[in-house]
Amino acid sequence: MRRMMYEAQRALATPSRNPRMAVVIGRLLGVAFIVCFGTGVYSHFLQEPLPWMRFPTRPALLYQFSQGTHIVAGIACFPLLLAKLYIVFPELFASPPVKSFLHLLERASIALFVGASLVQITIGLLNTYQWYPWPFPFREVHYALGWVLVGLLVLHIGIKLPIITRFWSARHEAEREATDAAGATEAPGAADAEAARLEAVRLWGSRRPSGVTGRLLAWIDATPAAPTSVSRRGFLTAVGIAGAAVVGLTAGQTFAPLDALNVFGPRKKGVGQQGVPVNRTAQRAGVTASATAAGWALTLAAGGVERSFSRAELEAMPQTEVELPIACVEGWSQLAVWRGVRLRDLADLVDADPDASFRLTSLEQRGSFRRTQMGPEYVRDPLTLVALELNGETLDLQHGYPARMIAPGRPGVLQTKWLSRIEAITA
Ligand SMILES: Nc1nc2c(c(=O)[nH]1)N[C@H]1C(S)=C(S)[C@@H](COP(=O)(O)O)O[C@H]1N2
Ligand SMILES: [Mo]
């Protein structure tokens, strides 16, 4: 068994599989993970703020930037994680598989880390296509897994610190090359494998076990060492090209200069009513009738005061024009020109407390985004509008006619369409 493990390691050895490469790719992966975690936690708290939390409303494109970065870094994890798994794959055949209780914990934590990472980036990617082929709620699980992964990342770095420090800089790489030149091929676990081989020789001599084991050994023996020899430069080039390709071909959904290259990203800039992509349609939200009904009015409430405004009344109030993006959590975003009434003007008409948070309710009867909440920093911001027009025309039904919310620095999910009621929440 141990000899078989050794032979498997020998067959898998190739110059690109070495500790230095594991550290180089691991560093990039670590950065991508931390970027994803930071931007993910930010996005989470924007949507589920703790009562005391206040957020910056400038730069107005902050969320577009942070969430775009989240998706791009997440996509970059695919080639990086696959590369990392490729490099350390021979470790699977480490012999003996478990040396001590601590070693068992180490291997278990890595197995969990790999598994959780693969699940995390896969469900994240599928979410950008709004495809949920699983029975659990995406957002909660993605968030919880984020914390699990940071914990495992810290543990992993702690466990691997000796290797990381040894192979962190290229100077160590030079030392390693010198050893290679002297004839030693160092694959991860090669020393262990060598010990296993010596142990096997001690036990069996050159005698080969009979039966299935013997035949397997013969087959492995017949396999030339490193049948798929991949040079370090070739490997890094392949990972670089794969990374640049998946990032370059999707980042256009957030970063306009790359838009022409956006082939995998599920949303295209400028495609949709009034040049803006539509996420949830009026039909799916079930608001086609209520949003076009003649009697529609927007109700504002604060304390005991309650007032309703028809669309004509809203149009008769002072109008403000702003340029703000819809920046969806799924990564796509689109800058647009909005025109409408400042929310703070409406809030003043019902004498709302300047420190009050507001609750926005849509005409939508079901759906998780029918009701959203907004802190005072957004309510009082001069760019926050009850929008009546989009890109110079009456707001399309698909974009929230008769009136929708648009505020700076917020995720798309909170830009409530088909508004019905806006009320100050008294703490
Ligand atoms: N009432 C309501 N408003 C909503 C949604 C919704 O499902 N219902 N979807 C939100 C999401 S997820 C996004 S990204 C934006 C998209 O706005 P758009 O369809 O006008 O581009 O609307 C937001 N407003
Ligand atoms: Mo969204």
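Mentor: Start with R421 and E306, which form a salt bridge with 3.4 Å between the closest N and O atoms. Their link spans distant parts of the chain: R421 is in strand β10 (residues 419–425), E306 is in strand β2 (residues 305–309), and 115 residues separate them. Keep in mind that this is a predicted model.

Trainee: What makes R421 and E306 a salt bridge?

Mentor: The cut-off is 4 Å between a side-chain nitrogen of Lys or Arg and a carboxyl oxygen of Asp or Glu. The R421 and E306 atoms are 3.4 Å apart. So the pair qualifies. E306 and R421 also join E423 in a network of salt bridges.

Trainee: Why is R421 called partly exposed?

Mentor: Buried means under 20% relative accessible area, and exposed means over 50%. R421 has 25%. That value lies in between, so R421 is partly exposed.

Trainee: How do you know that R54 and E377 form a salt bridge?

Mentor: Their closest N and O atoms are 4.0 Å apart. The rule says within 4 Å, so the label applies. R54 sits in the loop between α2 (19–47) and α3 (62–88), while E377 belongs to helix α14 (residues 376–379), 323 residues apart.

Trainee: Are R54 and E377 buried, exposed or partly exposed?

Mentor: R54 has 46%, so it is partly exposed. E377 has 18%, under the 20% limit, so E377 is buried.

Trainee: E7 and R10 also meet in a salt bridge. Why are they separated by about one helical turn?

Mentor: Because they are three residues apart in helix α1 (residues 2–12). E7 is buried at 6%, whereas R10 is partly exposed at 24%. The whole structure has 12 salt bridges.

Trainee: What makes the link between N127 and Y132 a polar contact?

Mentor: Their side chains come to 2.6 Å. The limit is 3.5 Å between N or O atoms, so the pair passes. N127 lies in helix α4 (residues 101–128).

Trainee: Why is N127 called buried?

Mentor: Its relative accessibility is 8%, under the 20% limit, so the label is buried.

Trainee: And how do you know that L102 is exposed?

Mentor: L102 has 65%, over the 50% limit, so it counts as exposed. L102 is in helix α4. Together with V98, F101, L104 and L105, L102 forms a nonpolar surface patch of about 520 Å² accessible area.

Methods:
Residues are numbered from 1 along each chain as its sequence is written. Chains are lettered from A and ligands numbered from 1 in the order in which they are written. This is a predicted model: local features need pLDDT of at least 70, side-chain atom pairs count only at pLDDT 80 or more; totals for chains, interfaces and linings use all residues. Side-chain values use heavy atoms; hydrogens and water are left out. Helices (H or I, at least four residues) and strands (E, at least two) are DSSP runs, numbered from the N terminus. Buried means under 20% relative accessible area, exposed over 50%, partly exposed in between (1.4 Å probe, protein chains only). A polar contact is a pair of N or O atoms within 3.5 Å; within protein, one must be able to donate a hydrogen and the other to accept it, and residues adjacent in sequence count only if both atoms are side-chain atoms. Patches are made of residues with over 30% relative accessible area and no salt bridge: like charges are joined within 9 Å, nonpolar side chains (Val, Leu, Ile, Met, Phe, Trp, Tyr) within 5 Å. Accessible areas come from the Shrake-Rupley method with a 1.4 Å probe; for residues, only the protein chains shown count as cover.
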